[in-house]
Amino acid sequence: MVRQAVRDVRTAPPPPPADPPADPTLAALRRTVDDLTASTHAIGELMLEVAPAYLSETEAADVLAPLCEEIGEPLDHGLAARRYALSGDRRALHGTVL
């Protein structure tokens, strides 16, 4: 129940763009980025199940390294996804996933 409440608070949808793009290619690209972010959030939730939020980034890296290796995800991407799931802020993914 707590997990669902936290998910509801952290996964509030991003505000819609002020002007939807007239260019269909740009609109498709925005949808792709939104889909990538949603799947990254799901990976981040998995990372939080293995390395809970109370662990520091260094402690989480030690715990998550075997999981990331097993699923074929670079550790820095797994940690970024974990940060994104914690904060809900897409800037956590800058330079790694997005």
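Four salt bridges are present in the structure, which is a predicted model. One of them pairs R90 with D34, whose closest N and O atoms lie 2.7 Å apart. Because R90 belongs to the segment after α4 (75-87) and D34 to helix α2, this pair ties together parts separated by 56 residues in sequence. Both partners are partly exposed: the relative accessible area is 31% for R90 and 36% for D34.

A further salt bridge joins E57 to R83, with a distance of 2.2 Å between the closest N and O atoms. Here, too, distant parts of the chain are linked, since E57 is located in helix α3 (residues 57-71) and R83 in helix α4, 26 residues apart. E57 is partly exposed at 31% relative accessibility, and R83 is likewise partly exposed at 30%.

D89 and R91 also form a salt bridge, their closest N and O atoms being 2.5 Å apart. In this pair D89 is partly exposed, with a relative accessible area of 25%, whereas R91 is exposed at 68%. Through shared partners, salt bridges connect E57, R82 and R83 into one network.

Helix α2, which contributes D34 to the contact with R90, comprises 27 residues (residues 24-50). The N-terminal end of α2 is capped by D23, a side-chain oxygen of which lies 3.1 Å from the backbone nitrogen of T25. Within α2, the buried residues are A27, T37, T40, H41, G44, E45, M47 and L48.

Notes:
Residues are numbered from 1 along each chain as its sequence is written. This is a predicted model: local features need pLDDT of at least 70, side-chain atom pairs count only at pLDDT 80 or more; totals for chains, interfaces and linings use all residues. Side-chain values use heavy atoms; hydrogens and water are left out. Helices (H or I, at least four residues) and strands (E, at least two) are DSSP runs, numbered from the N terminus. The expected span of a helix is 1.5 Å times one less than its number of residues. Buried means under 20% relative accessible area, exposed over 50%, partly exposed in between (1.4 Å probe, protein chains only). A polar contact is a pair of N or O atoms within 3.5 Å; within protein, one must be able to donate a hydrogen and the other to accept it, and residues adjacent in sequence count only if both atoms are side-chain atoms. A salt bridge is a side-chain nitrogen of Lys or Arg within 4 Å of a carboxyl oxygen of Asp or Glu.
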